Amino acid sequence: MAETKKTATKTTAARSAKTTEKTGAKRVAAKKTAKVAVKDEIEAVVSAKKSILFVASEANPFIGTGGLADVIGSLPKAIAESKAYDVRVVLPLYGEIELKYREKFKFLCNFNVPLSWRNQYCGLFAYKYEGVTYYFIDNEYYFKRKGLYGHYDDGERFAFFSKAVLEMMHNIDYYPEILHCHDWQSALAVIYLKTVFAEGYGYDHIKALFTIHNIEYQGKFGNEVLGDLFGLPDYCREYLEYDGCINLMKGAMQLAERFSTVSRKYASEIKNPFFAHGLEYMTTSNDYKLTGILNGIDEDVYNPETDTKLFANYSAEKPENKAVCKRELQKMLDLPEKENTPLIAIISRLVAQKGLDLVKCVLDELMSEDVQLVILGTGDIEYQDYFKDAENRYSFKCKTIIAYNKDLASKIYSGADIFLMPSKHEPCGLSQMIACRYGAIPVVRETGGLADSITPHNNDFRRGGNGFSFKNYNAHEMLYVLKDAIYTYGNKEEWAGIVKNAMTTDFSWKKSAGEYIKLYDNMMI
Ligand code: GLC
């Protein structure tokens, strides 16, 4: 197999040599100038430091569809602030990235990316933002489309992206110490690095860390894609094949030096078939490489004291204006302006993972209480229709907004008293942390990051908590705890204590960034 590996490396090297020949002297000269420019502008300051390259399919503020974008938009910054490492991030240059950002991106160079029998154009752009260098991989055929995912050729799009990340390195003469890849869309970057690029000059010392944000989405494809689409030699089949198909997440878990997930609890849960979506054999047999690190949130972005999207600002010390936010939200949504009626919010992707079936099961019982319910999110049509119908049935108590809207989300977090998040499984979850920051008290199921971030007030002592929680995936267990929260809300003094705890819980990246730094340090020993 070593023989095959070498041949594969040679073939890759030969291919890139051919590509360079084709581009001609002009481009080589341009590339050299670009290299110098990149070195001058970006590397000079940080050249002494060891470098981490994040590879991901979305990052705030440029482009995002969920929690991954929050993490990639804030963790690199936190690591860069610690000054321990030079941190860079590489993303696809989607056509949907707003012009106000795109016009600031600087063109560095272009090169070709071989992908099996294809040879595709790749433009490379860079932008330094809040201490972090962002690279953008450009190919309009793959990325100038509506929406980030869900296209028939997602496998090819992200194979191109992953391969381009590795080709980028020798084109700009930048080889990080650690390649930190996230979710299946960048799993192939680990796989290429540890197979066909493994012995290449510059690549041979790079260590790979693969972070799983949700084990449900694994990047599964038919067996035929290995050679024809991903351009991988046959010996790679043993790394990628699982359960009769090609599984990119499995390949990255196996080939990366280490892999991690986004809370401790989830790291232990994914060894259990209920949570592992078929990958339990991989998680248990590679247990020695697995770490769980809880995500943080960007406390500058999610700050009720400065958030300009709110009707009024407030803080843990001066929470009075939260009442203004609630009243204005009720007005805006055409709900009766009742100060003492608890307003419950759900802000979520409307999918089964989020435990919405539990809510459906007891909605009528819940609505028989003196409460208001606001739902914001998009997702499966089944849930969208259900909650729209609930709005019609309880028009003076329930509002459903089918949208992904950050502005409205902030207004709802600030106006809500209770934040319901009864997920069936939740790798980390960021909304419960954001809700805490805005003084909306989370009611959560004890799973994954929800269990690691929410301390229940409904314990024996009824003090010290920042939320409420229940254990089993059971609708009436949820309703029982939710009612506890509703009645506790009636006791203003007790409630104010919980709000204070929630608003002052440290959800910053400081601690978790420190844990990642320790992990990187360990990987380099
Ligand atoms: C995924 C997970 C979510 C996590 C986020 C960021 O969206 O479902 O729990 O918070 O990734 O890691």
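Two strands are taken to pair if DSSP finds at least two bridges between them. Helices (H or I, at least four residues) and strands (E, at least two) are DSSP runs, numbered from the N terminus. The model is predicted: local features need pLDDT of at least 70, side-chain atom pairs count only at pLDDT 80 or more, and totals for chains, interfaces and linings use all residues. Residues are numbered from 1 along each chain as its sequence is written, and side-chain values use heavy atoms, with hydrogens and water left out.

Strands of a sheet pair through backbone hydrogen bonds, either parallel or antiparallel. Nine strands form an open sheet in the order β3-β4-β5-β2-β1-β6-β7-β11-β12. Its pairing is mixed. The edge strands, β3 and β12 (290-292), each pair on one side only. On average, neighbouring strands of this sheet are turned by 25° against each other, direction ignored. Axes here are lines fitted to C-alpha atoms, for helices over the stretch in contact, and angles run from 0 to 180 degrees between N-to-C directions.

Strand β3 spans residues 106-115. Seven of its ten residues are buried, where buried means under 20% relative accessible area, exposed over 50%, and partly exposed in between (1.4 Å probe, protein chains only). Nine bridges join β3 to β4 (residues 118-129) in the antiparallel sense. Phe107 faces Phe125 of β4 across this pairing. The hairpin of β3 and β4 has two residues between the strands. Ser116 in this hairpin takes a positive phi near 55°. Strand β4 also pairs with β5 (residues 132-138), again antiparallel, over seven bridges. Here Tyr129 stands opposite Val132 in β5.

Parallel pairing occurs elsewhere in the sheet. Strand β6 (residues 178-182) runs parallel to β7, with five bridges. Cys181 stands opposite Phe210 in β7. Strand β7 is mostly covered, with five of its six residues buried. Helix α9 (residues 248-255) lies across β7 (207-212) and β11 (258-261). The helix runs at about 135° to β7.

Helix α9 also packs on a second sheet. This open sheet has three strands in the order β8-β10-β9, with antiparallel pairing. Its edge strands are β8 (220-221) and β9 (241-242), each pairing on one side only. Helix α9 touches β8, β9 and β10, and its direction makes about 55° with that of β10. Contact means heavy atoms within 4.5 Å. Two bridges link β9 and β10 (residues 245-247) in the antiparallel sense. Tyr242 has Cys245 of β10 as its bridge partner.

Helix α2 (residues 67-81) has 13 of its 15 residues buried, so the rest of the structure largely encloses it. The expected span is 1.5 Å times one less than the number of residues. Just after α2, Lys83 takes a positive phi of about 65°. Helix α5 (residues 154-172) reaches 27 Å from its first C-alpha to its last, close to the 27 Å expected. In α5, 18 of the 19 residues are buried, so this helix too is largely enclosed by the rest of the structure. Asp173 follows α5 and has a positive phi near 55°.

Two packed helices are described by the angle between their axes and the distance between the axes. The axes of α2 and α21 (residues 510-523) come within 9 Å and cross at roughly 70°. These two helices are therefore roughly perpendicular. Angles under 35 degrees count as roughly parallel, over 145 as roughly antiparallel, 65 to 115 as roughly perpendicular and the rest as oblique. Leu75, Ala78 and Ile79 of α2 meet Ala513, Tyr516, Ile517 and Tyr520 of α21. This contact has seven nonpolar, no polar and no charged residues. Ala, Val, Leu, Ile, Met, Phe, Trp, Tyr, Cys and Pro count as nonpolar, Asp, Glu, Lys and Arg as charged, and the others, Gly among them, as polar.

Helices α19 and α20 (residues 492-504) pack at about 115°, with axes 7 Å apart. They are therefore also roughly perpendicular. Ala485, Thr488 and Tyr489 of α19 meet Lys492, Glu494, Trp495 and Ile498 of α20. Four nonpolar, one polar and two charged residues make up this contact.

His476 lies in α19 (residues 475-489). His476 is partly exposed, at 44% relative accessible area. Not counting residues up to four places away in sequence, His476 touches Val362 and Glu365. His476 and Cys361 are 115 residues apart in sequence, yet 8.5 Å apart in space, C-alpha to C-alpha.
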